[in-house]
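Trainee: Hi! I've just opened this one and could use a hand finding my way around. Shall we go through it together?

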Amino acid sequence: MLLLPAAVTAANTRAIESFDFNWRFLKGDPSGAERRQFDDHAWRDLNVPDDWSIAGPFAKSNPAGGAGGFLPSGVAWHRKDFTLPESDADRRVSVLFDGVMANSDVWINGVHLGHRPYGYVSFYYELTGHLRFGAGQTNVLAVRADTSAQPASRWYAGAGIDRHVHLIVTGPVHFTPWGVFVSTPRVGDSRAAVRVQGEVTNQSDAPREISLRIVLRDPAGRILATTETQTQRIAPSQSAQFTQNLTGPDPERWDLDTPVLYHALAQVRSGGAILDEYSVPFGIREFHFDAATGFWLNGRNIKIKGVCLHACASAFGAAVPLSVWEQRLKTLRALGVNAIRTAHNPPAPEFLDLCDRMGFLVMDEMFDCWTVGKNPYDYHLYFGKWSKTDTRDTVRRDRNHPSIILYSAGNEIHDTPHAELAKGILAGLIQVFHETDPTRPVTMALFRPNASHDYDDGLADLLDVVGQNYRENEILAAHAQKPARKIIGTENHPDRRTWLALRGNPPYAGQFLWSGVDYLGESRHWPVIAAGSGLLDRTAEPKPIGYEQASWWSDKPMVFVARRIASAQRVGEDPGFTPLERRQVLFPDWTPKNSAPHVENVEIYSNCKQVELFLNGKSLGAQTIHADASPRVWQATYAPGTLKAVAWNNGKILATDVLRTAGKPAKIVLKTNHKALADDWDDVAFVRAQVVDQHGVVVPRADNLISFEVSGPGAIAAVDSADNSSHEPFQARERRAYEGKCVVFIKASAPSGRIAVTASTPGLKSGTIVIPIGNPAAARSRPAKD
């Protein structure tokens, strides 16, 4: 939720402070570390979010194994000292954790506040009654997180306080956590109905006469409507629900290309005084799933072209600066992606804010298992006690995001062979979803449904939208069996067979490809530490399969050239047989190992009607687009020089792609698309280092060890490459080039100035780039929490 800017916030209503700074950290489990007086002076100082596991080292012996990327796990403590003014002594004070991985316990001044096992959910604790106020009266917040029991996940999950933390101070009468819900039940061209629901609690010692005042603002900040609810009397220690309907004239609709956001300011009022307030960003849009025609958004029938994303981001682990996600989403959008599945857990809340601003559709997923585990120490141990609480809290947190179009109750759930058990669990979860947010449908990613008879025993038909992983023919047959079923692919291979199943079947609402980006973990064997199933590599660079997907999904004219050295790895139709460590058979270069004349298999991906291929200026012929979506292929006799593809429609050239033969390495070139860098935790600059020849062509087999130096008010946040078998540390000042490339991530350490980044290696000319520090749009302030 977005707090109203301080300049217009009523006095003594709600204050929110970032609690990210000045923590102390220890990996270990000392006795008594929860006590306020505990001596932690020797602990390491750090800020959060922080994922301590990502520092490594990689080791085959680490208990998390290949599933956890061969990275370490264990118990760790965080402690934070803080003071509060005397003026807060009669107010309510809470702490909000956006996520702690995992099995967290929290204490304030030695008092245990609670335990949360699931590392992906946000949670509040009230500190009131356990605090000290005034100058010199120190409070200590202590957090213990435990990932020692392994294996506990099928992918890398991180460790510690890996998301943001917030301190929230309100008066005794205030909105409950995540207590305002804004929906748009009817949307038309001339007006939109806006419904604001608020839950208010009275923690004072007297009854209060309370109303809600609602102010609706358009995307430009202009007031569209103001109204106030009827007054309700709220007794001490009780809560009350308020509902108010408003009308927004001439609505600007939130959509993929126009993700405009309105704001509803909700104020708790009593006798003319404002007791609490915050402003909720929301989108005005209408969407629905139709059994015969698929997905509709604002009156348009569109295909959901989605990818699955895990919560980690390679060098940053699970503590991901927002600009890293922004770069990844921008690159995926350029390939035609319009939707994200948060596999297989709730994401950080600012990720959803970003999807709102960028116009991505989201499937918000809850669990990877229910009561039948996939690992000895995964969430199945806690599901019975915590699943409904975690679901309810997550939906309350996320329900105002216009990007979310589906909730998912689980991924490839192994309870489903036990039909009555699974149906009971699913019905209970759906009830929680619908009671907390009746505006969105619920799906789940069915696992081998024909084997477990989900389409016959009634389980699939409990879902608002039936989802299935892979086996596209099965879900299409299930729809043919019952044409009233609304269907979607919840996890699919990025290949032509998958695309044709979606393209040729109107009821099939969309698909989510596995996966959007390569990710740490889910390794089948050492020394591999990451899964290579992404359209992008771990540094957010598109792979050839990403461009092939763009030739099917993107609306913008494109063409891409690659050499194929072998047939594609055969992909099965079954979950569990996804090739996560694909052998590389496609190379986007014209520098084969064999420099003698020989035949090269040239594969071209394009959505244009005609493509012509030229080698050193000589045409090798043109081909029209294939009705079966297969690539256009040439057998070209290799000669060093330039290979160029030209794509056109109706005689007009719309796109080109050029490959050039590389010579010997000569220098390092640095590139970044960051025009300015903000002094903010969530802003980092991608600086890409390329080993090139004297003509600037990337040398594809260069593996030089590149050293980075920074001058000016900045620092190296991490280094990385696309090598899924590299065990180099991410927190370092050097990285070995992989296929001629690597990346260094830079952060600012002051509000202004210029940062110079230099890359060097023996025998090559160094490269330098300068990044100004400013306030770029990419470094948006995070919305404050409610």
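Mentor: Happy to. Let's start inside: the second largest cavity has M101, G119, Y120, Y156, A157, D162, R163, A311, C312 and A318 as its lining. Keep in mind that this is a predicted model.

Trainee: What volume does the second largest cavity have?

Mentor: About 70 Å³ for the second largest cavity.

Trainee: And how do the residues of its lining divide into nonpolar, polar and charged?

Mentor: The lining of the second largest cavity has seven nonpolar residues, one polar and two charged.

Trainee: How many cavities does a search of the whole structure find?

Mentor: Four, counting those of 30 Å³ or more. The largest cavity has a volume of about 200 Å³.

Trainee: Which residues are the closest to the centre of the largest cavity?

Mentor: Those are A311, W325, P347, A348 and F351, out of 19 residues that line the largest cavity.

Trainee: Okay, changing topic: sheets. What is the order of the strands in the open sheet of six?

Mentor: Going across, you get β3-β2-β4-β9-β6-β7, with antiparallel pairing. At the edges are β3 (44-46) and β7 (111-116), each of which pairs on one side only. From one strand to the next, the twist averages 25°.

Trainee: What holds strands of a sheet together when they pair?

Mentor: In general, strands of a sheet pair through backbone hydrogen bonds, and the pairing can be parallel or antiparallel.

Trainee: How many bridges are there between β2 and β4?

Mentor: Four, with strand β2 (residues 23-27) and strand β4 (residues 75-82) antiparallel to each other. If you want a spot to look at, L26 stands opposite W77 in β4.

Trainee: Nice. What about the open sheet of four strands, which order does that have?

Mentor: That open sheet goes β1-β10-β5-β8, and its pairing is antiparallel. Its edge strands are β1 (14-18) and β8 (123-126), each pairing on one side only. The twist in this sheet averages 20° from one strand to the next.

Trainee: How many bridges join β1 to β10?

Mentor: Five bridges join β1 to strand β10 (residues 165-170), and the two run antiparallel. Within that pair, E17 stands opposite L167 in β10.

Trainee: Let's jump further along the chain. Which strand does β42 pair with over three bridges?

Mentor: That's strand β44 (residues 734-736), antiparallel to strand β42 (residues 705-711). There, S707 stands opposite E734 in β44. β42 also pairs with strand β46 (residues 753-760), in the antiparallel sense over five bridges, and S711 stands opposite A756 in β46.

Trainee: Zooming out, how many helices and strands are there in the chain?

Mentor: There are eight helices and 47 strands. The chain's radius of gyration is 27 Å, close to the 28 Å that the globule rule gives for 786 residues, so the chain is as compact as a globular protein of that length.

Trainee: What does the C-alpha trace span along its principal axes?

Mentor: About 90 × 65 × 55 Å.

Trainee: Last one: what percentage of the residues in the chain is buried?

Mentor: Of the 786 residues, 61% are buried.

How values were computed:
Residues are numbered from 1 along each chain as its sequence is written. This is a predicted model: local features need pLDDT of at least 70, side-chain atom pairs count only at pLDDT 80 or more; totals for chains, interfaces and linings use all residues. Side-chain values use heavy atoms; hydrogens and water are left out. Two strands pair if DSSP finds at least two bridges between them. Axes are lines fitted to C-alpha atoms, for helices over the stretch in contact, and angles run from 0 to 180 degrees between N-to-C directions. On a 1 Å grid over the protein atoms alone, a cavity is a set of points where a 1.4 Å probe fits but cannot get out, and a pocket is an open set with protein on both sides within 12 Å along at least five of seven lines; lining residues have an atom within 4 Å of a point. Grid points are joined across faces, edges and corners, and a volume is the space filled by probe spheres set on the points. Ala, Val, Leu, Ile, Met, Phe, Trp, Tyr, Cys and Pro count as nonpolar, Asp, Glu, Lys and Arg as charged, and the others, Gly among them, as polar. The radius of gyration is taken over C-alpha atoms; the globule rule is 2.2 Å times the number of residues to the power 0.38. Buried means under 20% relative accessible area, exposed over 50%, partly exposed in between (1.4 Å probe, protein chains only).
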